[in-house]
Amino acid sequence: MSSRRNFLLQTALGMAATTMAPFTVAATAAGPALLPIGMAGYTFAKFDLDQAIAMMNRVNIKNISVKDIHLPLNSSPEKIKEVLGKFSAAGINVYAVGVIYMKTEKAVDEAFDYAKRVGVPLIVGVPNPELLDYTEKKIKEYNIRLAVHNHGPEDKLYPGPKNAYDLIKNRDARLGLCLDIGHAARAGEEPSKAILAYKNRIFDLHIKDISAAVKDGKAIELGRGAIDFKKLVTALEKINYAGVCSLEFEKDMSDPLPGIAESAGFFRGVISTVNS
């Protein structure tokens, strides 16, 4: 794999050529499509919507899984129109909502009604295991997919992706996983192996790095930590991953832009290297 410096140099050159359009490009005779990069809305938990959009524009990221911080579950039609309008004006695609926690049937109902009103095809959520039967029923009723998010060793429900996968693998094909690679690694699952093992059920990715693949591993800029991103991207290419790779930057959350920019540049460099 090329050095970190080379990755960032490649990205800088690529960004110069794409300032007038999103980084994601269509497949051509010259090669496959690049993996689309997005943002997990939780990254901007300490910022308002306009600030979040401004940061995304600075790093040329054009997809977001919007969090209820910026679009509450009880939003009026006017509020939904306002928020979606701001994203649209910035050229940003709202491809999912979440993470949404669901501890009751009422919460499941609210999540699916919210996704329908927002007009997205995917919910990133955490329904309690005893609610999976009811969640599956709602998936069939609304024809909206749901991706169960794993939250690491501290999470009693779904610490790693396998904990979720084992409960959903025989259910409706629209019930899948949002694989958080950092939490997976902290829970003892190597992310690229998880991608290959659960390929048909991976609907979304939360991309991050951690200082060490242990329970107490800390969030860090991509490429500085324990995750092998070339191996990860190679696995995604192998399964023909069709979703978004959303950065979730949880370090320096009061000043995340430098870390987001570095992480996005590094990840784009890895993608370019794997595709070359």
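# Briefing: a closed barrel and its surrounding helices

In strand 1 (residues 37–40), Ile37 and Met39 point one way while Gly38 and Ala40 point the other, and all are buried. The model described here is predicted. Its strands include a closed barrel of eight, in the order 1-2-3-4-5-6-7-10, with parallel pairing. Neighbouring strands of this sheet are turned by 30° against each other on average, direction ignored.

**Strand pairing in the barrel**

- In general, the strands of a sheet pair through backbone hydrogen bonds, in either a parallel or an antiparallel manner.
- Strand 1 pairs with strand 10 in the parallel sense, over three bridges. Within strand 10, Ser246 is the bridge partner of Gly38.
- Strand 1 also runs parallel to strand 2, and two bridges join them. Here Ala40 has Ser65 of strand 2 as its bridge partner.
- Strand 6 (residues 175–180) and strand 7 (residues 202–207) run parallel and are joined by four bridges. Leu179 has Leu205 in strand 7 as its bridge partner.
- As a general rule, side chains in a regular strand alternate between the two faces of the sheet.

**Helix 3**

- Helix 3 spans residues 77–89, which makes 13 residues. From its first C-alpha to its last it reaches 18 Å, close to the 18 Å expected at 1.5 Å a residue.
- Its buried residues are Ile80, Val83 and Phe87. Viewed down the axis of helix 3, these buried residues fall within an arc of 75°, so they line one face of the helix.
- The buried residues of helix 3 pack against helix 2 (49–58), strand 2 (63–66), strand 3 (93–102) and helix 4 (105–118).
- The face of helix 3 turned away from the buried side carries the exposed residues Pro77, Glu78, Lys81, Ser88 and Ala89.
- Just after helix 3, Gly91 adopts a positive phi of about 75°.

**Helix 9**

- Helix 9 (residues 229–238) has Phe229, Leu232, Val233, Ala235 and Leu236 as buried residues. Down the axis of helix 9, its buried residues fall within an arc of 155°, so they line one face of the helix.
- The elements covering these buried residues include helix 7 (181–186), helix 8 (191–197), strand 7, strand 8 (209–210), strand 10 (245–247) and helix 10 (257–275).
- The N-terminal end of helix 9 is capped by Asp228, with a side-chain oxygen 3.3 Å from the backbone nitrogen of Lys230.
- Asn240 follows helix 9 and has a positive phi, near 55°.

**Asn150, a buried loop residue**

- Asn150 lies in the loop between strand 5 (145–149) and helix 6 (161–168).
- Asn150 counts as buried because its relative accessibility is 1%, and the cut-off for buried is under 20%.
- The side chain of Asn150 reaches the backbone nitrogen of Asp180 at 3.0 Å.
- Leaving aside residues up to four places away in sequence, Asn150 touches Tyr158, Pro159, Gly160, Pro161, Cys178, Leu179, Asp180, His183 and Ala184. Leu179, one of these contacts, is the residue bridged to Leu205 in strand 7.

Terms used:
Residues are numbered from 1 along each chain as its sequence is written. This is a predicted model: local features need pLDDT of at least 70, side-chain atom pairs count only at pLDDT 80 or more; totals for chains, interfaces and linings use all residues. Side-chain values use heavy atoms; hydrogens and water are left out. The expected span of a helix is 1.5 Å times one less than its number of residues. Buried means under 20% relative accessible area, exposed over 50%, partly exposed in between (1.4 Å probe, protein chains only). The arc is that of the directions from the helix axis to the C-beta atoms. Contact means heavy atoms within 4.5 Å. A polar contact is a pair of N or O atoms within 3.5 Å; within protein, one must be able to donate a hydrogen and the other to accept it, and residues adjacent in sequence count only if both atoms are side-chain atoms. Two strands pair if DSSP finds at least two bridges between them. Axes are lines fitted to C-alpha atoms, for helices over the stretch in contact, and angles run from 0 to 180 degrees between N-to-C directions.
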